[in-house]
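User: I'm new to this one. Can you walk me through it?

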Amino acid sequence: MTDDLPVRIVDGRVVTAPGTGPVALVWLPLDGQVIAKIPPRKGNRSWLHETVGIRSPEFSGDRWKLPRSSLVRLVTAAVDRYGFIVLYRDMSRLSKCTRTCLEATGAECHCSCLGAHHGQDAAGWFEVVGDAVVADQGECTRTAVVYGARGSDANAVVYDGQLAGQRYRVDREGRRDWPTAAQFMCASCMTERASVWDHCHTHGFVRAPLCNRCNTRYWRGWRPRNGRATHSRNLDESYYRWCPKHIGAVRQCSA
């Protein structure tokens, strides 16, 4: 049921369940740059440049103006960082599905199918977790789609460094041989199935698969007033060791 989803679109508004961290909002207009509103945090420009691979991200007011070619990488990276991302897309009413649309594997769509007739993911790295909301914008149709990490039906296993020593990547080619994070238990709390890949922001290496709750704990903290109960006693940060440049103290690798 959509009411059980951590992030939903209700009457055009983004509604998050208690305990869910902030999410990124991205707008793909008919033409021009992608407009992104991401939760304010120190290092956002560095994240867009180094992780998403945007040479010169432009900040205006409270929003980022980014090249359209970065959309799939942005969605992939944002899902890993926040757990969810809401993508608003404007599509022309007169556009029709073509062979290019039917064979597409990206999140961008210019046709009247609203993305239903082509692959909406980056080779399996994110998936639609909420229904699209359609709004009449006159000459175009606007949809709002919630994306989350790709799930898995297999029994989750303990992570044993399957990606140890690999650089964190958000492009389709770079993740070609990666397993999904959901194939493992969260390496931090070991009580929930993982959903996203955590990486060391200092050195750029993949560390371990984490559940969304552990991955976003630094955003709002484990405080009841933030809608987040005290974390499990099983919580530990020993997974930092999967960064090959991590030596001893946790503080030498960034969260």
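User: Is Asp-90 buried, partly exposed or exposed?
Analyst: Asp-90 is buried, at 6% relative accessible area. Buried means under 20% relative accessible area, exposed means over 50%, and partly exposed lies in between (1.4 Å probe, protein chains only). One caution: this is a predicted model, where local features need pLDDT of at least 70, side-chain atom pairs count only at pLDDT 80 or more, and totals for chains, interfaces and linings use all residues. Residues are numbered from 1 along each chain as its sequence is written, and side-chain values use heavy atoms, with hydrogens and water left out.

User: What does Asp-90 form a salt bridge with?
Analyst: With Arg-142. Their closest N and O atoms are 2.6 Å apart. This pair links distant parts of the chain, with Asp-90 in strand β7 and Arg-142 in strand β10, 52 residues apart. A salt bridge here is a side-chain nitrogen of Lys or Arg within 4 Å of a carboxyl oxygen of Asp or Glu.

User: And how accessible is Arg-142?
Analyst: Arg-142 has 25% relative accessibility, so it counts as partly exposed.

User: Why can side chains pair like that?
Analyst: Side chains of opposite charge can pair when their charged atoms come close.

User: How many salt bridges does the structure hold?
Analyst: 7. One of them joins the side chains of Arg-63 and Asp-62, at 3.4 Å from N to O. Arg-63 is partly exposed at 42%, and Asp-62 is partly exposed at 40%. Arg-176 is exposed, at 56% relative accessibility.

User: Which strands pair with β7?
Analyst: β3 (residues 24-28) runs parallel to β7, joined by 5 bridges. β10 (residues 140-149) pairs with β7 in the antiparallel sense, over 9 bridges. Two strands count as paired if DSSP finds at least two bridges between them.

User: Which face of β3 is covered, and which is uncovered?
Analyst: Ala-24, Val-26 and Leu-28 make up the covered face. Leu-25 and Trp-27 form the uncovered one.

User: What else pairs with β3?
Analyst: β4 (residues 34-37) does, antiparallel, over 3 bridges. Leu-25 has Lys-37 of β4 as its partner. β3 and β4 form a hairpin with 5 residues between them. Gly-32 in the turn has a positive phi of about 90 degrees.

User: New topic. Where is Ser-70?
Analyst: Ser-70 sits in the loop between β6 and α2 (71-82). Ser-70 is buried, with 0% relative accessible area. Its side chain reaches the backbone oxygen of Pro-67 at 2.7 Å. Leaving aside neighbours within four places in sequence, Ser-70 is in contact with Val-52 and Ile-54. Contact means heavy atoms within 4.5 Å.

User: And Arg-193, where is that found?
Analyst: In the loop between β10 and β11 (196-199). Arg-193 is partly exposed, at 32%. The side chain of Arg-193 reaches two backbone oxygens: that of Ala-154 at 2.7 Å and that of Ala-182 at 2.5 Å. Beyond four places in sequence, its contacts include Ser-152, Phe-184 and Cys-211. Arg-193 and Asn-212 are 19 residues apart in sequence and 9.3 Å apart in space, C-alpha to C-alpha.

User: Where is confidence lowest, and where is it highest?
Analyst: Confidence is lowest in helix α3 (residues 99-102), with a mean of 59, and highest in strand β6 (residues 63-66), at 96. The score is pLDDT, the predictor's confidence in each residue, from 0 to 100. The protein's mean is 80, and 74% of its residues reach 70 or more. Over residues 118-122, pLDDT stays under 50.

Technical notes. Helices (H or I, at least four residues) and strands (E, at least two) are DSSP runs, numbered from the N terminus. A polar contact is a pair of N or O atoms within 3.5 Å; within protein, one must be able to donate a hydrogen and the other to accept it, and residues adjacent in sequence count only if both atoms are side-chain atoms.
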